[in-house]
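Here is my note on this model, in numbered points. Please keep the structure open as you read.

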Amino acid sequence: MTSEALPLDPANPFARTSDLPYGLPDFRELREEHFLPALRAGMAEQRAEVEAIAVDPAEPTVENTLDALERSGRLLSRAASAFFVQSGAESTPGLQAVEEEVAPLLAEHSDAIWLDARLHARVEALAARLEADGTQLAPDTAWLLHRTRTRFARAGVGLDAPAQERLRAINAEMTSLDATFGRLLLAATNEAAVLVTDEAELDGLPEDARAAAARAAAAGGHEGAWLLELQLPTQQSVLSLLRDRGLRERVMTASTTRGAAGDANDTRSTLLAMVRLRAERARLLGFEHHAAYVAADATAGSAQAVEAMLTRLAPAAVANAREEAADLEHALQADHPGASLEPWDWAYYAGRVRQQRRALDEAELRPYLELERVLADGVFRAANSLYGLTFAERHDLVGYHPDVRVFEVFDTDGTGLGLFLGDWWTRPAKRGGAWMNSLVEQSGLLGEAPVVVNNLNIPQPPPGQPTLLTWDEVITLFHEFGHALHGLLSAVRYPSQSGTNVPRDFVEYPSQVNEMWAWDPQVLRAFAVHHETGEPMPAQWVETLIASQQDGEGFATTEYLAAALLDQAWHRLAPEEVPTDPAQVEQFEAKALRDAGVDLRTVPPRYRTTYFNHIFCSGYAAGYYAYIWSEVLDADTVEWFAENGGLRRENGDAFRARLLGRGGSIDPLQAFRDLRGRDPRIEPLLARRGLLGATA
């Protein structure tokens, strides 16, 4: 294999298990030049370990086959987890070069394992013997055996040699394109940031946000100006604040045209190649298209089930969005008689209408939503009330960037549970969006405790000034910490079953459940405190905020469904149906949205194709539907909490034991049934989204 490497230099930090608490990588010692040798050595080491399993003359057992596979690749795991955490959050040119070199090698490495006929035969022999003997495995081991056999089949182990050769080439090329897309999108997003030279245009933008924009401009060599950096979604948070309609249009245009400028950062050729290769791979593996390939291994079960749900929700969501648009159009006329509502007007006038109806102003809320307070008295407080967790910042431990903060997490009995790393602020070298990673995955087999990371992209204020959040950013903080809890509270034996190692359309479920605690009156009153005066948010504002949960659901559901349906449209194509001309991307997108009935001019998709990072760089290809699929489980679980008294330790313990702690060691829907006592119901979701009665 081309991934073979010389033995790793003992001076390389990855050459040994970290002696820092919980195996935290020693980022003080790590340098860019350490990653590639460690990744190459890790692949070579695991190949040797897997070879030993495949040729073992002993009868296959759980211990010498399944357990041995789970134990293999420790060096590679250490190096790869640290590398991908750092390259996502601090993507320097050096790390980008490493990723583009190593991506096809990692694909080749994976294929060498999962297309190994000897190893597959050994696993099948183990399964056959256990069945013949009537041996009852422990539930987690039985699930591991099932998932291992499924993984071999989905990898293509049953294909003939020419088909496998083509499959290997496809996998290598796709991983390279994935890295390329991420690099191009990061550059395109940075390039599209809107420079403002006239401060009058910033009317409506709070002082702390202006200061952050001035700091960003100065960092780019534009002293005396303001730089409005773009976030990953189509909608930008500043659009709800800026009074200048022309500047709002500039920001929205910059957002929606990313990756389609015809320059060196244009993503269209890359994404078309990815779609075509995915379609070809699906066909090789016997699936109609990539969407069918993805859904078959998810809780959805089939692409038809995904389509049925999305198309069931779309008409009512669009109808609600049209009603909301009519209200906004009326508000717009007061400022601009005769003007038509445009996409860049929506967030601003939605805020105006909300302020008029509910006396609720987003800008007035922000001084009560200071990051430190939301974290300590909101996110951490809820975790303490539910699970008995406590958190202590470890100033003696460092992350991969000076902005990263490290917290030790203690269980209810005071024993150390793991580490939580928080990286909140945006940087030019950080990819957009918000996400969770694991640096170390919990495993009883390996004796390892979890080390998890949350990333957000909040504008960084000048030194000494507080970080004030929008309400959406508060929700994102709780959401990502829900993923972190899934990792931290994992209590499984096998590392491949740890925490968030569950189907894509299940992984968002625990994180979406955790959002509920931001709205809980007890928690909200604890963290919503003015950062200067210490005064709590006025009770009337709290009540109004809670009452506003369903405001704007027509817009929110429509923009989400538009993106999910667009994802499905791209990934239901046969290879020969994929456009060949990059200029056709926008045409395909427009037709797909029109055919799905979600082509509202004023409500563009949450992500347009050229900057749809989820599906072209983050593993959600044909899986962006997962958020609303998971929300069925989430909304039903929110009702379960309410039925059982809400923020109570008993409820947290049950949710931890029956669901969070089990990770991927059980059929995920069985875990839900164990919690809820039945299959999920869609009605709570329909009620939450304002769709109940409209989709029957």
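1. Strand 4 (residues 405–410) and strand 5 run antiparallel and pair over 6 bridges. Two strands count as paired if DSSP finds at least two bridges between them. Strands (E, at least two residues) and helices (H or I, at least four) are DSSP runs, numbered from the N terminus.

2. A word on the source. This is a predicted model, in which local features need pLDDT of at least 70, side-chain atom pairs count only at pLDDT 80 or more, and totals for chains, interfaces and linings use all residues. Residues are numbered from 1 along each chain as its sequence is written, and side-chain values use heavy atoms, with hydrogens and water left out.

3. Now look at the turn. Strand 4 and strand 5 form a hairpin, with 5 residues between them. Gly414 sits in that turn and has a positive phi of about 90 degrees.

4. Strand 5 (residues 416–425) has another partner. Strand 5 pairs with strand 7 (residues 451–458) over 6 bridges, this time in the parallel sense. Here Phe420 stands opposite Val452 in strand 7.

5. Is strand 5 mostly covered or mostly open? Mostly covered: 8 of its 10 residues are buried. Buried means under 20% relative accessible area, exposed means over 50%, and partly exposed lies in between (1.4 Å probe, protein chains only).

6. Next, find Thr602. This residue lies in the loop between helix 22 (584–596) and helix 23 (613–617). Thr602 is buried, with a relative accessible area of 11%. Which residues does Thr602 contact, leaving aside its neighbours within four places in sequence? They are Leu341, Glu342, Pro343, Trp346 and Phe555. Contact means heavy atoms within 4.5 Å.

7. Step back to the whole chain. The protein chain has 27 helices and 7 strands. Its radius of gyration is 25 Å, close to the 26 Å that the globule rule gives for 696 residues, so the chain is as compact as a globular protein of that length. The radius is taken over C-alpha atoms, and the rule is 2.2 Å times the number of residues to the power 0.38. Along its principal axes, the C-alpha trace spans about 80 × 60 × 55 Å.

8. Last, burial and contacts across the chain. Of the 696 residues, 58% count as buried. Among contacts between residues at least 6 apart in sequence, 75% join residues at least 24 apart.
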